[in-house]
Amino acid sequence: MSELRELKDHQEKKEENLLIIGNAEKIDGIPIVDSSEIGKTSIYDYIRYLTQKYKTESQSINQLSSQNKKYEESNLKLRDSLKTLDYQYRKISSRIDKLNIEISGYENYLDRIQNNKYKNKQLKKIQEFSTDLNIKTCPICEARLEKNEEGECILCHTDLSKKISTPEQNLIFLEDEEKTFKKVISQRIFDRRKLIEKRSNIKDKIKEYESQLEHQTKTYAGKEFANLRKRILDIDATHKKMERYTRISVRWEELEPIRKKIDNLENQIEKLREKISQYQQTEKDILIINTIQNLVRSYVSELGLFKGNKGLIDNIRVDETDNYTPYLDNFDIYNISSSSDNIRIILSYYLALLQTSIKLDQINEICYPKLLILDEPKQQNLDSDSLMDCVNLIENITYNSSQVILTTYSELQTDKDKFDDHIIYEMKDKNDYLLKRIN
């Protein structure tokens, strides 16, 4: 199911992008283009129409142009040069846009540096004058200042054991950061100036070639070819449009293997559902489902998900057709706003599977290795307290022929103290590895 969802999501995003580029809509699996020339039609019919139009017009223009070989050769060369210059102009414009975005990001970061410098300077002044100033808010965290407890900052309630640097050290660091980013911005602005100059030269050359093309058309064509220039411009536009829709159709066809794979997966899932629908649940099946479901609910509650909303937690179900994954009927349990909530769901799910396999060990149908490896849950923004709650849950699991390996790390001594009783092996330096080569 997860593979099918990923493939469908990938296909839909690719198709949606192509439909937007082609100003089309999808009907019966085919892009439908609403063209000004022939109305609504499939992209393939529209390409055939453009191809025929281009071929017919090209032949007509070539016949008219053949009366003057010099005009024909020069005109063709100019048109090719214009196409090359147009491509170079668009590429440089794209690079300029990317530089603008990059420079804007650096400038925003400089603004934040200025704000931080101002706050640290204010804090430095306050600390220099007196620690008993009559101020109501901290210039760093902007929280109201209340009676301070021992071991906390008198200005911003920062735990002194966690304090990393002084305002002076912060200002030195911020000054260095500011200089570095100003140099980077200066270099990027210089790069952008060079690109703008290069683009300007290309634009001037394009205007020059267009003027030359217009002059040649009027000079060499004669009165009977007064409309030749317009026809040439029209046929160039037709050719560009034909190439664009051809590229879109090719990219659309390249998605066909994914569509076939999706169809095969859907057929397999449908067959499995059919097979499952004919399957009669046994007492063992019901026991397994209820055990997993109850454990997931319990672990979700223990890890503080949904803020202890018992009504919401009691509505959690497990999908009998998709690896017993938990879900809610009226809420997307996997589209939670924070990544820490999402990791709590995942931890609850896998701990429930492990505990079920242990509790129901006598049921041979449960195929679970009873081995769970959790690689640094804090990478998903899980706080230390929640991680300790998870460790406590693991401690209560029956370790009968089972094993849980959890890796985590923190530079804070307070965190290390929390995990001290649970550390089996601690790597001391960058050359220390859990797995070692046998000499």
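**Cores, a pocket and a cavity**

Let's start inside. The largest nonpolar core has 38 residues, and Ile292, Tyr299, Val300, Phe306, Ile316, Leu347 and Leu351 touch the most other members. A nonpolar core is a set of buried Ala, Val, Leu, Ile, Met, Phe, Trp, Tyr and Cys residues joined through side-chain atoms within 4.5 Å. Buried means under 20% relative accessible area, exposed over 50%, and partly exposed in between, with a 1.4 Å probe and protein chains only.

Two or more residues of this core come from each of α7 (283-302), α9 (339-359), β6 (371-375) and α10 (384-395). α9 gives the most, nine residues. Helices (H or I, at least four residues) and strands (E, at least two) are DSSP runs, numbered from the N terminus.

Before going on, the ground rules. This is a predicted model: local features need pLDDT of at least 70, side-chain atom pairs count only at pLDDT 80 or more, and totals for chains, interfaces and linings use all residues. Residues are numbered from 1 along each chain as its sequence is written, and side-chain values use heavy atoms, with hydrogens and water left out.

Now Tyr299. What is Tyr299 in contact with, leaving aside neighbours within four places in sequence? Ser348, Leu351, Ala352, Gln355, Leu393 and Ile397. Contact means heavy atoms within 4.5 Å. Apart from this core lies another, of 18 residues, among them Leu7, Ile47, Ile262 and Ile269.

Next, Thr325. Thr325 is found in the loop between β4 (317-318) and β5 (326-327). Is Thr325 buried or exposed? Thr325 counts as buried because its relative accessibility is 19%.

A cavity is a set of points on a 1 Å grid over the protein atoms alone where a 1.4 Å probe fits but cannot get out; a pocket is an open set with protein on both sides within 12 Å along at least five of seven lines; lining residues have an atom within 4 Å of a point. Grid points are joined across faces, edges and corners, and a volume is the space filled by probe spheres set on the points.

The largest pocket has a volume of about 1,100 Å³. Its lining has 25 residues, with Leu406, Thr407, Thr408, Ile424 and Tyr425 nearest the centre. β7 supplies the largest share of that lining, five residues.

Last, the cavity. The count is one cavity of 30 Å³ or more. Its lining includes Leu18, Val33 and Trp252. Thank you.
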